[in-house]
Amino acid sequence: MGDFDCPKIRNICILAHVDHGKTTLADHLIASYGGGVLHPKQAGRLRFMDYLDEEQRRAITMKSSSISLQYKDHSINLIDSPGHMDFCGEVSTAARLSDGALVLVDAVEGVHIQTHAVLRQAWIEKLTPCLVLNKMDRLICELKLSPMEAYNRLQRIVHEVNSIMSAYKSEKYLSDVDSILAGPSGEVGDENLEFIEDDEEDTFQPHKGNVAFVCALDGWGFSVTEFAGFYASKLGASSAALLKALWGPRYFNPKTKMIVGKKAMGGGSKARPMFVQFVLEPLWQVYQAALEADGGKAVLEKVIKSFNLSIPPRELQNKDPKAVLQSVMSRWLPLSDTILSMVVKRMPDPIAAQSLRITRLIPKREVISDRIVSEVLAEAELVRKSVELCDSSPEAPCVAFVSKMFAVPSKMLPQKGVNGELVNNSTDDNESDECFLAFARIFSGVLCSGQRIFVLSALYDPLKAESMQKHVQEAELHSLYLMMGQGLKPVASAKAGNVVAIRGLGQHILKSATLSSTKNCWPFSSMVFQVSPTLKVAIEPTDPADMVALMKGLRLLNHADPFVEVTVSSRGEHVLAAAGEVHLERCIKDLKERFAKVSLEVSPPLVSYKETIEDEAFHPLDYLKFLSGSSYHIERTTPNGRCVVQVQVVKLPPALTKVLDDSSDVLGGIVGGKSGHTSDKSLETQRTSIVEDDNPVEVLKKRIRDAIDSDMPAGIADMDKEKWQIVWERLLKRIWALGPRQVGPNILLTPDYKGKTTDCSVLVQGSPQVSERLGFVGVCSNGDLASEASSLATHSLYQEAETLENSVVSGFQLASAAGPLCEEPMWGLAFVVEAYISPLIGQLNGSETPHQQPEQYGILTGQVMTTVKDACRTAVLQKKPRLVEALYFCELNTPTEHLGPMYAVLARRRARVLKEEMQEGSPLFTVHAYVPVAESFGFADELRRWTSGASSALLVFSHWEALSEDPFFVPKTEEELEEFGDGSSVPPNTARKLIDAVRRRKGLPVEEKVVQHATKQRTLARKV
Ligand SMILES: Nc1nc2c(ncn2[C@@H]2O[C@H](COP(=O)(O)OP(=O)(O)OP(=O)(O)O)[C@@H](O)[C@H]2O)c(=O)[nH]1
Ligand SMILES: [Mg+2]
């Protein structure tokens, strides 16, 4: 094993929304072709791939795991993935290693939020998808639909999935998934459903053989190919013609024995499409016959006879009608064969797949080659070529990608080696009893145990090998295993195209990496995650003495979970970031029981906020005033009186803010700042990284310009439109810095140089560095001003002003990282900072230069920095500051009778309902809403309690939104005074409460009345 030739290998994953039946389907495939690890009787019940206790207990999958199946002469590596939003990181790791994806959709529940997400993941990773409509039995037994109704429903799902795919393909998918979901649904009215013609471009078409209809629970499934083959002889038509006719508005005319359209059947006839007549009706008959009390034995026998099934009489005699049904159905339409023959026929082998996926895996890079690097470049190109060809010869360079690291208890490792010899597992490089394995796929060459290999991080650049030492390490592979779910089967070597587990990289890889036999190789592109971990808690040991154990545990956990993030906050807390509550709970449990083995204290979730100012009506003239420095400003002077700082602030329009916020990764590359990896991202965030454009600057520039256009206030006059554009062109030419951390959504603009100031002070000019990098202006030199200066003294003052530029930028960075409300980062603000520096006394007459006063000079930079910071923060405070909070997009499914309690829970959580819709043909209501992150903890639990477990909710990070409430609200107008009194009894509003909570957590002063109702207290105390 492990030595199959590429054309006989398929690497596939199963993707779907939570609970749509992935693991149940995997069970059947394993029972049939997993080499006897699972008895067919247990298939569907055991959930073999959910081998963790926590997975069995909660009945959801939490990690992706692989198993290798032998189907006929093919080797199929199957990866089962989780469907719960909290574990979507595992979907990314599964998709990266696969070439094809079985996308499951529950035939009753239809397309759900995670279905969108997994389709997107498959599309990003360039996987070949096949659609599997599962739980067909529910249509018959639960919804009791007629075959015709069921057909309409199936057709609608196929249509919906296709339109999602075509949106991805045409890259029209420019708005968030949630806005599509929240908008009017794109369903087609029932009346004309029959006339939907399949579009040639559609990804999923039953006659192409990439759609299967299955019931994983009862172990049967089919694609129209099977039925076409069967009916070809019966109806005397070619199976190719039948294949086309068995889906869509095609009818069989029994008189003429012709396949015709609806018109030819005559308007009034009760004809059913062929799919209904020849496929669904027999199925319905079998189900009804088997499950009806009066026993439709005759019907069953008829089916058995007409489809030539051989079923042992013993099984037919079974008292349990469900068992009889399963034995008939699984013989008639065996599930595993249907699925795996579809996989073998429709999904590419690694050779075909890698040539398709290469542009995604190792994007082509434009490099200006000089003589020194050309050799390196040539070899890197050769390596890329052999990945593209999936060259599995031993001479080919060996390249593999590790998509995650996972921990297994050392005692679970196989005790025997490849040749049956005993191996000593205790000589592990890890100090604990956990052993780390790499979940990897070989893309070129042959990997052998004991081989030495280079481990390249995603930041590695072979052209700068000298400065890249920290991004490349050399490691020795300890052993290789084929994965059989939990089981591991040692192999001596494995060829390109295989998925393996590798031991021996624990100390070299944290989460993912590229392995290569040569240093001259580009690392694989990073995986795209649907969301980033947003739920943060601080963790400390109950007994402070256990700190060392906790830190070690956190290190191991960070290693073992591809998605968790462990950081130390600026206040020294150990912060754990997870994707959601279920994920967090599992992490804490793992930490307590496995990795740290100490008892822990977990803080309430740390919610992040942002700070901004109130939305204004954007008018070009306001921006013009702002740009020219003539709008309202704050003035501050440094303690030594030498520098006067004037700050103005204005709010950026929302679309521009969003583009800046989303593009932090790209901006980081361009501006040279840190990437905003830890910042919260929306679903759409990473779209930029998918676009395979080799010029990120141009893409970003276009996005910025588009955002500005879309932000133009609706209904403004043509003349103003022009002004708007002129203003923005001017503004874009003056971007000095972005903040916080150089990539955030706040802008520092260079001050408007108005010529010489009246007194002797000199303006700190700054330079539009970011505008230059983005190409909004050409690179301009800044030295001409100093040379303009007449005397030596002013010349040195200009020089001094130049050196203060960094202080102004640092001051801006500090202020944008911690706003005035509760020291959370600012969001979507633009600042103009004018710092005027006046000469030292005595400097004017030219007797001294600053160089003679080094200490004072050093101190001044610090003073300017703090003054700029204070002035920026005060400017925000003066301009109606507002708190910005993160919102989750939430999808709820509730039976009608529980709608009342569900709305009560939503209202308590400050949720905003976007859409509510009855799911046709089922008693379920689907509700979409935005729920503030701060209110989301315990939300799912509360919902379950109040609706007796009947409602389910899925949350996914959506976007940031400013609270419209003024946190410092005091009644002023007459109406307000009438409503709220003089303000002494106004309870703090939500914004204020949130701000105070954060301030308290951070140990900042909080204005609070300790005695709220003095009179009441006195009355109580008197006890009369
Ligand atoms: N009626 C019916 N139930 C099914 C079918 N397939 C799966 N189920 C049930 O659906 C539930 C979820 O099945 P799983 O296989 O665990 O679903 P999953 O997609 O792996 O779920 P996650 O891994 O948690 O995302 C189980 O209770 C199954 O018994 C089916 O064809 N018909
Ligand atoms: Mg599962």
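A: Start with one pair of facing residues: Tyr-481 stands opposite Ala-501 in β18. This is a predicted model, where local features need pLDDT of at least 70 and side-chain atom pairs pLDDT 80 or more, while totals for chains, interfaces and linings use all residues. Residues are numbered from 1 along each chain as its sequence is written, and side-chain values use heavy atoms, without hydrogens and water.

Q: Which strand does β15 (residues 479-484) join, and by how many bridges?
A: Two strands pair if DSSP finds at least two bridges between them; strands are DSSP runs of E with at least two residues, helices runs of H or I with at least four, both numbered from the N terminus. Here 3 bridges join β15 to β18, and the two run antiparallel. Strand β11 (residues 434-444) also pairs with β18 in the antiparallel sense, over 5 bridges; Leu-437 has Arg-503 as its bridge partner there.

Q: Which residues lie on each face of β18?
A: In a regular strand, side chains alternate between the two faces of the sheet. In β18, Val-499, Ala-501 and Arg-503 are on one side, Val-500 and Ile-502 on the other, and all are buried (buried: under 20% relative accessible area; exposed: over 50%; partly exposed: in between; 1.4 Å probe, protein chains only).

Q: Where do Asp-106 and Lys-135 lie?
A: A salt bridge puts a side-chain nitrogen of Lys or Arg within 4 Å of a carboxyl oxygen of Asp or Glu. Asp-106 and Lys-135 form one at 3.4 Å, N to O. Asp-106 lies in strand β4 and Lys-135 in the loop between β5 and α5, so the pair ties together parts 29 residues apart in sequence. Asp-106 is buried, at 1%, whereas Lys-135 is partly exposed, at 21%.

Conventions: Chains lettered and ligands numbered in written order.
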